[in-house]
Amino acid sequence: MLALAGLVALGFVLDIALGPVRIPLAAVVKILLGQSADNPAWAFIVREIRLPKALTALAVGSGLAVSGLQMQTLFRNPLAGPSVLGLTAGAGLGVAAVMLAGGSGAAGGLAIRALGVGGSWGLVLAATAGAALVMALVLALSARVRDNVVLLIVGLMVSSVAGAVVGLWQYFSAPEQIQEYLLWTFGSLGGVVGPHLAVLAAVVAAGLGLAFASAKPLNALLLGENYARSMGLAVGRARTLIILSTSLLAGAITAFCGPIGFVGIAVPHLTRGLLRTADHRVLLPGACLVGAALTLGCDCLAQLPGSQAALPLSIVTALLGAPVVLWVVLRRNNIRSSFS
């Protein structure tokens, strides 16, 4: 845990130092400590641009990692992730309703280019509304459906329907509108500043609090719902708590930063491989640290070309996350043992 915390701190400083304007690590540390910088421009870049982006990376990495860990445990499926409930698809449907069906793609695209994915309250509210509708549907069904497999199928069907509707809108939209919507789907950490960052941090903190409160129920669910009931666990209440936590985390992050893939799937496997435990009292904080470190590392890699425009974050996370999952799977031949 100490090594992971040190890795997160190193990635945090490197993420602030790297970019089109290279800032020495010593200057970054001085600015973060509140001391005066040798170059006033460096202080402005660090405090106004790169520090909010690095803080967003911490929230995104920890939130997606924890939500993915909860989904894999709840459904006892190593391929489950934050998007398994259809929340990401719901957020995408809300954004598509504004940028494609609403005919305001030019305004939305201008907001993306000028402020970043999370810089427009219109896009954020649209994505939040879409994710909230799906969350309400899943929570209502979870109170009536006892089988987790049925919930998994419902999430997949919701994602399929939302994807079909978005595809239909894209088919009848102008090329400029499609291009701007694709920019949103790439995901970005830039632009989440000021009140946006405060709201994102508050929602992620609430989601993580619910997740840590469900550590013992998650341990019981690893052994199956029947065994968990025999231990006195209220399975329905625990499942609602886990779904609510995942909905808050995945919905808020997608709304402010766009869909960012592979972190929620890769990090839980990587955390289990590093810590060699199935105890969620250890896995949850470990996943927070590993997810934050991985997201910061991906953002650093996105800055390596040195151009004015960084690489899309979702592309970097997929390129880095897929080999991580393959390495863990090949190293642990019987990965199913982590879910039994």
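The protein chain folds into 15 helices and zero strands, where helices (H or I, at least four residues) and strands (E, at least two) are DSSP runs numbered from the N terminus. This is a predicted model, so local features need pLDDT of at least 70 and side-chain atom pairs count only at pLDDT 80 or more, while totals for chains, interfaces and linings use all residues. Residues are numbered from 1 along each chain as its sequence is written, and side-chain values use heavy atoms, with hydrogens and water left out.

Of the 340 residues in the protein chain, 50% are buried; buried here means under 20% relative accessible area, exposed means over 50%, and partly exposed falls in between (1.4 Å probe, protein chains only). Contacts are heavy atoms within 4.5 Å. Taking those in the protein chain between residues at least 6 apart in sequence, 78% join residues at least 24 apart.

An unreviewed UniProt entry places the feature "transmembrane region" at residues 84-111, 123-143, 149-169, 181-213, 241-270 and 310-330. UniProt positions are given in the numbering used here, feature names are shortened, and annotations may be inferred rather than shown by experiment. In the model, the span 181-213 is 76% helix and 0% strand, with its end C-alpha atoms 37 Å apart. For residues 241-270 the figures are 83% helix and 0% strand, and the end C-alpha atoms lie 25 Å apart.

Next, the second largest pocket, which holds about 210 Å³ of space. Its 15 lining residues include Thr-128, Val-203, Leu-248, Gly-251 and Ala-252, the closest to the pocket centre. On a 1 Å grid over the protein atoms alone, a pocket is an open set of points with protein on both sides within 12 Å along at least five of seven lines, a cavity is a set where a 1.4 Å probe fits but cannot get out, and lining residues have an atom within 4 Å of a point. Grid points are joined across faces, edges and corners, and the volume is the space filled by probe spheres set on the points. Helices α6 (121-144), α9 (195-213) and α12 (235-257) each give at least two residues to this lining, with α6 providing the largest share, seven residues. By class, the lining has twelve nonpolar, three polar and no charged residues; Ala, Val, Leu, Ile, Met, Phe, Trp, Tyr, Cys and Pro count as nonpolar, Asp, Glu, Lys and Arg as charged, and the others, Gly among them, as polar.

Gly-291 sits in helix α14 (residues 280-303) and counts as buried because its relative accessibility is 0%. Beyond its neighbours within four places in sequence, Gly-291 contacts Gly-61, Ser-62, Ala-65 and Val-267. Its C-alpha atom is 9.1 Å from that of Ala-59, 232 residues away along the chain. Ala-59 also turns up 9.8 Å, C-alpha to C-alpha, from Ala-202, across 143 residues of sequence. Ala-202 belongs to helix α9 and, at 48% relative accessibility, is partly exposed.

Asp-15, in helix α1 (residues 2-17), is buried with a relative accessible area of 0%. Setting aside residues up to four places away in sequence, Asp-15 touches Lys-53, Ala-54, Leu-296, Asp-299 and Cys-300.

As for the cysteines, a disulfide is a pair of cysteine sulfur atoms within 2.5 Å, and by this rule the count is zero. The closest cysteine sulfur to that of Cys-298 is in Cys-300, 9.2 Å off and therefore too far for a bond. Cys-298 is buried at 1% relative accessible area, and Cys-288 also counts as buried, at 13% relative accessibility.
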